[in-house]
Every structure is written in structure tokens, then in C-alpha cells.
Amino acid sequence: MKKHMKRRNFSYGARDDGFSDYFPLFGWLDKLFGNISRLEKNFKDLDELYEEVIEQHLNSNRPKSMEGDIIDLMLQLKKEQSTPIDLTLDNIKAILMDIFSGGTESSATAIIWAMTALIKNPKVTKKVQEEIRKSIGTKGFVNEDDIQNMPYFKAVVFHLVLQQRNLILSNLLYAFDWELPCGMKIEDIDTAVLPGITMHKKNDRCLVPKKLHLACHII
């Protein structure tokens, strides 16, 4: 599926709430500002992508790597009619849409908000990093089993980050010290959001990673 996505330039619509989502009487502004045409283009592009991927899975000469994946499983359920409802190709496309959006938009956004909250609270960040680095030592990376032995880390990030994102965040905190760009203060960090299903930060914020020499740092 990745190679198919590379061929298309998607402008994914999770951020693109229209005027009519908040003020139904002003829905005509969506057409005026191009929101409707942009949404329709996104839908068409994604529909074509899912259609192409499904057709490849239906091909008897499909690559071995496609056998047994989530799409193959759904097509098998459709063929066997083994679900309480009649599974259609449109149903399968809708599920793929959920997987696509849930696996990209929400994960990246959760990490961004977690890092924003931590950089605004240096004492908490330092305590979390001390726990992680003491637990991991000089091993070089954090795995899922390690996280179970980090009660403070889990308590701090419980409401921003799910299990798979914990792994990303813990490794970022383990391997680097994080600073604000030169001349910027904690008070300058804003938490304004864009409208949409996923709460994206309105203004991007750069953080400066400093590579940590773990062997020298951990006693």
C-alpha cells in the first residue's frame, strides 16, 4: 500500500473542517473558499487508492506478501459471508480509511502534544528521563517490556499517549535532551489548536535535540 501512496499527493482532510461544521447557515462559504472541491478531491483520490489496493488483492497472481494481511482477511470474510452484516467493498474501504487516518494523524499528533506538555514542565521531564535512563542503562533503546517498569513515565503520559506511542516517546526522552530554540522561553510556547477531528497544533514548534552520551551520563 505504501508504494501506491507515494504516487499521489494527498491533502488529507482531518484538518479541513468547513464553515458548515460550526455554522450551518454559512455552508456556502465552503464552496466559495474551495473547501468542498478540496474535500471531494481528497475523497476521490483515497477511493481510487483503496480500489486499486483491493483489486490487487483480488488478483490471483498477487504477491505472496499480500496473503493474510488485513485486506485479504476482509475480502475472505466478504466471500464467505461469515459476518452478521453483508460486507461490501465500500465497507472495506471505510475500514481502510479508519486504519489509515488512525495510524497516521492521531499517532503523530499525540507525540507532538506530549512533547509540548513535557517541554513546558522541565522538572517533570527531568524526572521522567532519570527514571527511563536508570531503568534502561546503556542498552541503547527502550522496548515495550521496559515501559512496564516505569511507573512515573506511565503516569505522566497516560492521558496523551497510548501503548504504541509510549514506545516512541520513551525512546525520544531516553536518547536525547530537549531544549527550546535559542532566545525562546517556556512562556512563549502556545497551545492553540486547529479545528478538526484530530487536534493539531495551530503553530508548529521546533525543539532542539541534544544527543546524550549515555555511558558517561548513567552511573
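Me: Where do I see a nonpolar patch on the surface?

Reply: Look for nonpolar side chains grouped on the outside. Here F23, L25, F26, W28, L32 and F33 make up such a patch, and together they have about 770 Å² of accessible area. One of its members, F23, sits in the loop that runs between α1 (2-6) and α2 (28-32).

Me: How far should I trust what I'm looking at? What is the mean pLDDT of the protein?

Reply: The mean is 76, and 74% of the residues get to 70 or more. Residues 2-15 are another matter: pLDDT is below 50 there, although the model gives this stretch 34 contacts beyond near neighbours in sequence. Low pLDDT means the predicted coordinates should not be read in detail. Residues 215-219 also stay under 50, and for them the model has six contacts beyond four places in sequence.

Me: OK, on to the fold. How many helices and strands are there?

Reply: Count the elements, then read their order. You get ten helices and two strands, and along the sequence they run α-α-α-α-α-α-α-α-α-β-β-α.

Me: Which residues does the "coiled-coil region" annotation cover?

Reply: An annotation can be set beside the coordinates. The unreviewed UniProt entry puts that label on residues 29-56. In the model, this span is 93% helix and 0% strand, and its end C-alpha atoms are 40 Å apart.

Me: What about packing? What percentage of the residues are buried?

Reply: Of the 219 residues in the protein, 31% are buried. Then check how far along the chain the contacts reach. Taking contacts between residues at least 6 apart in sequence, 65% join residues at least 24 apart.

Me: Let's zoom in on one residue. Is M74 buried or exposed, and why?

Reply: Compare its relative accessibility with the cut-off, since buried means under 20%. M74 comes out at 6%, so this residue counts as buried. You'll find M74 in helix α4, residues 70-80.

Me: Which residues is M74 in contact with, leaving aside neighbours within four places in sequence?

Reply: The partners of M74 are L87, I92, I95 and L96. Take I92 as a case: M74 and I92 are 18 residues apart in sequence, while their C-alpha atoms are 6.9 Å apart in space.

Technical notes: Residues numbered from 1 in each chain as written. Predicted model: local features only at pLDDT ≥ 70, side-chain atom pairs only at ≥ 80, totals over all residues. Heavy atoms only, no water. Patch = residues over 30% accessible without salt bridge, like charges linked within 9 Å, V, L, I, M, F, W, Y side chains within 5 Å. Areas by Shrake-Rupley, 256 points an atom, 1.4 Å probe, with all protein chains shown as cover. Salt bridge = Lys/Arg side-chain N within 4 Å of Asp/Glu carboxyl O. Helix = DSSP H or I, 4+ residues; strand = E, 2+ residues; numbered from the N terminus. pLDDT = per-residue confidence, 0-100. Contact = heavy atoms within 4.5 Å. UniProt positions renumbered as here; feature names shortened; annotations may be inferred. Buried < 20%, exposed > 50% of the residue type's maximum accessible area, 1.4 Å probe, protein only.
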